Amino acid sequence: MAFKERTESNLLKCLRILNIRMELTEDERRYYLNLKKGYEGEIQFDLITEKLQSNCLILNDLQLKANNTTSQYDTSIIFQETFHLFEVKNFEGDFCYEPDKLQSVKGIDYKNPLHQINRSTIILNQLLQSHRINFNIEAHVVFINPEFTLFQAPPNLPFIYPTQLNRFLKKFNTIHSSLNNFHKQLAGKLVSLHQTESPYALLPKYEYYQLKKGITCKDCQSFLISVHGNYALCSECGCKESVESAVIRNVMEIKLLFPDRKITTNIVYDWCAIISCKKRISRILGRNFKVIGVHQWAYFKLVEFIDLMIDIMTINLVCFVLHCPYERHFKHLSMCFVLHRPYEGHFHHLFHVFCPSSTL
Ligand SMILES: [Zn+2]
C-alpha cells in the first residue's frame, strides 16, 4: 500500500461534471480530456508500483513548493539510498524526439518532459536542503501507453518506455533497501508539505442556471435515469443504484461546483430533477447530513471530520489517524472508508461509527 495514495483532483472532478452538464468549448474539452488521460496513465503506473516488493515508500501525486515555485510529482519512491521521481506520460501514437520538444506525427508539439523532470529535481533539492536533508535524487520519465513509440531519441535519456516497464519492475525489485525512521519522517514531512490548489481559477465560467439538471448514471454518465422504488435505473447501460446513493452523489456535485451554496432540500430537488417527492429528498439529506436550522430555513451540512475526509478523499487519513487521540474510532472509520468510498452514500453509517451515541 502506498504511503500516500493517489486521488482524483477536484479540478478533474469538476471538469467531468461540467462536461456532462454544459457545452464546453473545443479548447476546454481538450484540456479536460488531456487531464483525464494523464490521470488514467498515472493510475496505470500505480498498478505497476504496487507490485514492488523491495522495501520502499511510495508517495503518489505530490505537489511541492520551494522558493515560491511549485512542482507536481506524479510518483515518488523512497529507497534507502535514493529518492526516485517519476513523471508519467500517457502519450499515444508515434512521436519524434527533438531537444526542446516531442512532436506527434500529427504535428502537435509537446514540451520535452526532460525539462520538466530537471525542474522538479531542482525544486525538490531546494526543498530538502531548506529542511537540512541531503538525499540522492534520480528522476525518470515513464511512457506508460503501450501504443507509444518515440523516434530519434538518444538511448541514454532517463526514459522508461512501455516495453521496458517489466524490466524496470524487476530491476527495482532487486534493489537492496532497508528503511528506518529517517525515511518515514522524510515521507511524512513531504506529505505534510503537499499543496492542494483550488481548482476554481482553472475552470471555465459556469452558472447554476446554465447547467443541465437531472441525476446522471454513475457508470456511463447518461441522463437516462428513472426511479423505480428504492433504485435509480439507467436505461443506457442497465446500471442500478440506490436512490439514496444517487442523491448523495449529486449533493457532492453541487458542493463541489458551488462550494458557497447551502445544501437545501429545494436545491437538491431542483438539481436531481427526477425525484418527484421533496419529502423523500429531505429524509435522505436528514439521514446523511447534519441539519442546521428548522423548516424552510433548514440546510444540511456534512459533519466536520467527514468534510476533512472528503477533502483528503482517501485512506491517507490512516496516517493522520495513528496520531489521533480518537485512534480507536478512527481505526474503525478507516476500515469503513476502505470499504465504502464517501460518494457511495455511507455518511450515515460512518457518522454512527465515529459518534456511536449520535441520534442521527
Ligand atoms: Zn448508465
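Strand β3, residues 82–89, is mostly covered, with 6 of its 8 residues buried. A residue is buried if 20 or more other C-beta atoms lie within 10 Å of its own, exposed if 12 or fewer, and partly exposed in between; C-beta atoms are placed from the backbone. Helices (H or I, at least four residues) and strands (E, at least two) are DSSP runs, numbered from the N terminus. This is a predicted model: local features need pLDDT of at least 70, side-chain atom pairs count only at pLDDT 80 or more, and totals for chains, interfaces and linings use all residues. Residues are numbered from 1 along each chain as its sequence is written.

Which strands pair with β3? One is β2 (residues 69–78), which runs antiparallel to β3 over 4 bridges. Two strands pair if DSSP finds at least two bridges between them. β2 and β3 make a hairpin, with 3 residues between them. Here Ile78 stands opposite Phe83 of β3. β3 also pairs with β7 (residues 136–143), in the parallel sense and over 8 bridges. Lys89 has Phe143 of β7 as its bridge partner.

## The largest core

The largest nonpolar core holds 30 residues. Such a core is a set of buried Ala, Val, Leu, Ile, Met, Phe, Trp, Tyr and Cys residues joined through C-beta atoms within 7 Å. Leu57, Leu59, Ile78, Leu85, Val142 and Phe143 have the most contacts inside this core. Elements that give two or more residues to the core include β1 (57–66), β2, β3 and β7. β1 gives the most, with 5 residues.

Phe143 has contacts beyond its neighbours within four places in sequence, among them Lys89, Phe91, Phe148 and Leu150. Two residues are in contact if their C-beta atoms, placed from the backbone, lie within 7 Å.

## A mixed sheet

Four strands form an open sheet in the order β6-β5-β4-β8, and the pairing is mixed. β6 (109–111) and β8 (148–151) are the edge strands, each pairing on one side only. The twist from one strand to the next averages 30°. Axes are lines fitted to C-alpha atoms, for helices over the stretch in contact, and angles run from 0 to 180 degrees between N-to-C directions.

β4 (residues 93–98) pairs with β8 in the parallel sense, over 4 bridges. Phe95 stands opposite Leu150 in β8.

## An antiparallel sheet and its helix

Another open sheet has 3 strands in the order β10-β11-β12, with antiparallel pairing. β10 (225–228) and β12 (240–242) are at the edges with a single partner strand each, so one side of each has no neighbour in the sheet. β11 (residues 231–234) and β12 are joined by 3 bridges. Tyr231 has Ser242 of β12 as its bridge partner.

Helix α6 (residues 243–257) lies across β10, β11 and β12, at about 80° to β12. Its buried residues include Val243, Ala246, Ile254 and Leu257. How far should α6 span? At 1.5 Å a residue, its 15 residues should span 21 Å, and the end C-alpha atoms are 21 Å apart, which agrees. The expected span is 1.5 Å times one less than the number of residues.

## Confidence

The mean pLDDT of the protein is 85, and 82% of its residues reach 70 or more. pLDDT is the predictor's confidence in each residue, from 0 to 100. Over residues 311–360, pLDDT stays under 50. The model has 57 contacts beyond four places in sequence for residues 311–360.
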